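Colleague: I am new to this structure. Please take me closely through one part of it, and show me the model as you start.

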Amino acid sequence: ITNTAGTAVNIQSGGAAISYSTISAYGTGMNALQANAAVTLNNCYLANAQGNGVSLTAGSGHFISSSTIKAGMSGGKAFYASNVTYSTVAYSYLLAPLGIAGQFSGGGNNSIIFSTLAANFAGDYALRADGFASSFTLVNSSVSNLSGSGVYVNGGSGHYLSSNTIGGNII
């Protein structure tokens with residue numbers, strides 16, 4: 001699925017399960033996938049050369065596994081979740097050569113496990129959990145930012161980080 005002028009897939013209600021698919025977008029500030037309802041992605045490749053990879057702006061129970069998500073623009077986010085709960089990224093690659101690899105803002109009980117997050121952005125972190133995100137878990141993952149800081153966790157409580165490799169600073 002490709003959209004050369006905007007968001008490629010926009011899920012507003014009812015949820016969706018997508019497997020073994022390639023989703024790409026080329027719109028500045030747009031997303032390869034935007035969802036306001038529960039989404040399951042399995043063995044997918046999502047990319048936006050001029051914007052964000054995946055943007056989850058509501059919902060609960062999102063599950064992304066064995067997938068690669070890539071953002072291309074400066075300041076773009078490979079994975080962004082705002083006010084979502086009980087969501088997991090597992091065994092996946094979140095890549096943002098010019099931006100943020102992953103961000104949870106608000107919400108709670110979200111996790112990233114057995115995944116790789118890579119950024120090369122001096123202006124921010126490879127991974128952010130902020131906006132009073134609570135009970136954020138990062139386990140058995142690799143987080144790196146060649147030009148900036150590694151992980152930023154702020155607000156909320158009950159965060160758990162264990163058995164990770166982090167390149168950059170932890171704040």
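Modeller: **A loop aspartate and its partners**

Aspartate 124 sits in the loop that runs between strand S16 (116–119) and strand S17 (125–130); strands are DSSP runs of E, at least two residues, and helices are runs of H or I, at least four, all numbered from the N terminus. The model is predicted, so local features need pLDDT of at least 70 and side-chain atom pairs count only at pLDDT 80 or more, while totals for chains, interfaces and linings use all residues. Residues are numbered from 1 along each chain as its sequence is written, and side-chain values use heavy atoms, with hydrogens and water left out.

Aspartate 124 counts as buried because its relative accessible area is 17%. Buried means under 20%, exposed means over 50%, and partly exposed is in between (1.4 Å probe, protein chains only).

What does aspartate 124 touch, leaving aside neighbours within four places in sequence? Its contacts are Ile100, Asn145, Gly148 and Ser149. Contact here means heavy atoms within 4.5 Å.

Now the charged partners. Aspartate 124 forms a salt bridge with arginine 128, at 2.7 Å from N to O. The term means a side-chain nitrogen of Lys or Arg within 4 Å of a carboxyl oxygen of Asp or Glu. Arginine 128 is buried too. Its side chain also meets aspartate 130 in a salt bridge, at 2.9 Å from N to O. Aspartate 130 is buried as well. Shared partners link Asp124, Arg128 and Asp130 into one network. A search of the whole structure finds 2 salt bridges.
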